[in-house]
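This briefing is for a reader who is new to the structure shown below.

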Amino acid sequence: MDKKLRVGILGATGMVGQRFISLLENHPWYEVVTVAASPRSAGKTYEEAVGGRWKMDTPMPEAVKNLVVANVNEVEKVASSVDFVFSAVDMTKEEIREIEDAYAKTETPVVSNNSAHRWTPDVPMVVPEINPEHFDVIESQKKRLGTTRGFVAVKPNCSIQSYAPVLTAWKEFEPVEVVATTYQAISGAGKTFKEWPEMVENIIPYIGGEEEKSEQEPLRIWGKIENGQIVKAAGPVITTQCIRVPVLNGHTAAVFVKFAKKPTKEQLIEKLINFRGLPQELELPSAPKQFIQYLEEDNRPQVHLDVNFENGMGISVGRLREDSVYDYKFVGLSHNTVRGAAGGAVLCAETLTAKGYIQAK
C-alpha cells in the first residue's frame, strides 16, 4: 500500500476506542487521523478528553495525544476527513444503528464493534477466519442504503470467540449439541477493578443479554447468504451460562460437545492446530500465524499465561477429553478486548481492504 488509509475512531475515549488506538499505533496500512466522541469531549485534545481514564497497559501513543476530539454527531464533518471509521460508540442500540447508517450514507465504510447491527439481515457479522464470504452481502446493503462505497460491517460478541472457532475447526464431525459456560473478564463491561471494586474476589452469575448472544451469534456466523440476506444456520443447538469473574482481560469457556460423527481426540487436536483461514493465507498485518493453539498441560489455558497468545489475536484450547454425558469437553480462552473486540474489528477491516471494499476516497 503506497499511502496509509485515513482512519477515524467513533467513541475514541472509551475502553474499546482506546484499544483501537493502541492497536493501530504504527499499523502498516492505517493511520488514525480523527478521533470522535460525545459532545462533552469535543473540542478538547484527546489527551485532555481521556484524562486519567487511559486503561491500556501501554502508554497513550504520542501521535493521538494532540488530536482535537470531534463531535461524533457531526457526521458529515467527521466523514470528510477519513477513508473509513471504526465504531465503538456508547449509545442505545437504536442510536447506534442510526449513526452507523448515517456514516455509511456519506460513502464512509463503518467497521463496528457494537452489537446494534449484528442482526440486520444485510450487515455481515464476521470472524475473518470463519466466514469472510459473508462480506459479499455488502452489495445488497449498498443498494438499500443507496451508496456506492459506504456500508456497515460488524464483528460478533466477545463471548463466542473462545469456542465458536473451535467448533468451526470441527465442522466435518458435525457438532449437534453444545453446552458452554463462559467466565468473562470485567473489561468486557468496559471496567477496571478501580472502577468496579465490588468485582474484587467476587463472581456475578449474570451479564445482561449475553446468553442470548452466546447461543445465537455462532449460528449467524455459520449461516448462508440467501436473496441478499444472511440466514442463520439451524444448528448445532447451543445453550450457555455467562458469568462475570474477577479477571481484567480474558474470557474463558468450559464447553461440552456432542457430535453426529464421533471423532478421536487426536483428530480433534489435529483439526485445531491446522485450522487456518483467509487472514492467514493473505498474511494480513493483524492475523495470528497460529489461530488456535492446543495446550497439553492439565492446568492450561490460563489467563496469566495464555491470554496474550499471538498478541491477543489467537485462541488457546486445553483440557480436551471424553465426557460421560456428551462426547467431548474442553476449555477455551480468548482475549476479549483484542480478538473479541477492537483487534477482531481491525482484522475485519484488513480483510475488507484486501477484498477491495475499503479504499482511499
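The buried residues of α5 pack against β1, α4 (75-79), β4, β5, α6 (138-145) and β6. Those buried residues are I96, I99, E100, D101, Y103 and A104, where buried means under 20% relative accessible area, exposed over 50% and partly exposed in between (1.4 Å probe, protein chains only). Helices (H or I, at least four residues) and strands (E, at least two) are DSSP runs, numbered from the N terminus.

This is a predicted model: local features need pLDDT of at least 70, side-chain atom pairs count only at pLDDT 80 or more, and totals for chains, interfaces and linings use all residues. Residues are numbered from 1 along each chain as its sequence is written, and side-chain values use heavy atoms, with hydrogens and water left out.

- Six strands form an open sheet in the order β3-β2-β1-β4-β5-β6, with parallel pairing; two strands pair if DSSP finds at least two bridges between them.
- At the edges are β3 (70-71) and β6 (152-154), each of which pairs on one side only.
- Helix α5 (residues 93-105) packs on the sheet and touches β1 (5-10), β4, β5 and β6, contact meaning heavy atoms within 4.5 Å.
- The direction of α5 makes about 155° with that of β5; axes are lines fitted to C-alpha atoms, for helices over the stretch in contact, and angles run from 0 to 180 degrees between N-to-C directions.
- At 1.5 Å a residue, the 13 residues of α5 should span 18 Å, and the end C-alpha atoms are 18 Å apart, which agrees; the expected span is 1.5 Å times one less than the number of residues.
- Just after α5, E107 has a positive phi of about 70°.

**Strand β4**

- β4 (residues 84-87) runs parallel to β5 (residues 110-112), and three bridges join them.
- Between β1 and β4 there are four bridges, also in the parallel sense.
- V85 is the bridge partner of G8 and stands opposite V110 in β5, while F86 stands opposite V111.
- F84 and F86 point one way from β4, V85 and S87 point the other way, and all are buried.

**Nonpolar cores**

- A nonpolar core is a set of buried Ala, Val, Leu, Ile, Met, Phe, Trp, Tyr and Cys residues joined through side-chain atoms within 4.5 Å.
- The largest core has 54 residues, of which Y103, W170, W222 and F330 touch the most other members.
- Another core lies apart from it, with 46 residues, among them V7, V111, A153 and A341.

**The whole chain**

- The protein chain has twelve helices and 14 strands, and buried residues make up 60% of its 361 residues.
- Along its principal axes the C-alpha trace spans about 60 × 50 × 35 Å.

- Most residues other than glycine have a negative phi, and most peptide bonds are trans.
- The peptide bond from G235 to P236 is cis, with omega near 5°, and P236 is in the loop between β9 (229-231) and β10 (237-244).
- R300 and P301 are also joined by a cis peptide bond, with omega about 5°; P301 is in the loop between β12 (292-295) and α11 (303-306).
- N227, in the loop between β8 (224-226) and β9, has a positive phi of about 50° although it is not a glycine.
- N227 is exposed, with a relative accessible area of 81%.
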